[in-house]
Amino acid sequence: QVQLVESGGGLVQAGGSLRLSCAASGSIFSINAMGWYRQAPGKQRELVATVTSGGTTNYADSVKGRFTISRDNVKNTVYLQMNSLKPEDTAVYYCNAQKPLHFVTYNYWGQGTQVTVSS
């Protein structure tokens, strides 16, 4: 099992910045991709950004140029630096870790952290 603990959410005005952190613990050996997803009220959960163990990143078009994902493999922590925040970024942000095992990829999720951007 992998445990993910998020921190760093909060309330910020439009144009402001926040930094989310997600620390992984437990059976972290062979974790491949880690990333962030978000879910706004009444909407489906969507990908925000991911980073592989090798450092390859992927971003949703809506956050490119504003958000930066990074990963510290020593601390087993993934970060999401969010700049130029917009009200439409308001959502619960979830940390995700993917771990392949016997040709199956297992997904682990954090409890979520609320990000609210006021206009």
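**Notebook: sheet order and overall dimensions**

I looked up the sheet first: it is open, has 4 strands in the order S1-S3-S8-S7, and its pairing is antiparallel. I took strands as DSSP runs (E, at least two residues), numbered from the N terminus, and counted two strands as paired if DSSP finds at least two bridges between them. The edge strands are S1 (2–7) and S7 (67–72), each of which pairs on one side only. Neighbouring strands of this sheet are turned against each other by 15 degrees on average, direction ignored; the axes are lines fitted to C-alpha atoms, with angles from 0 to 180 degrees between N-to-C directions.

The model is predicted, with local features requiring pLDDT of at least 70 and side-chain atom pairs pLDDT 80 or more, while totals for chains, interfaces and linings use all residues. Residues are numbered from 1 along each chain as its sequence is written, and side-chain values use heavy atoms, without hydrogens and water.

I then followed edge strand S7. It runs antiparallel to strand S8 (residues 77–82), and 6 bridges join the two. Within S8, Leu80 stands opposite Ile69.

For the protein as a whole, I noted 11 strands and 0 helices.

I checked the overall dimensions next. The radius of gyration, taken over C-alpha atoms, is 14 Å, which agrees with the value near 14 Å for a compact globule of 119 residues; the globule rule is 2.2 Å times the number of residues to the power 0.38. The C-alpha trace spans about 45 × 25 × 25 Å along its principal axes.

Lastly, I looked up contacts (heavy atoms within 4.5 Å). Of those with a separation of 6 or more, 53% are between residues 24 or more positions apart.
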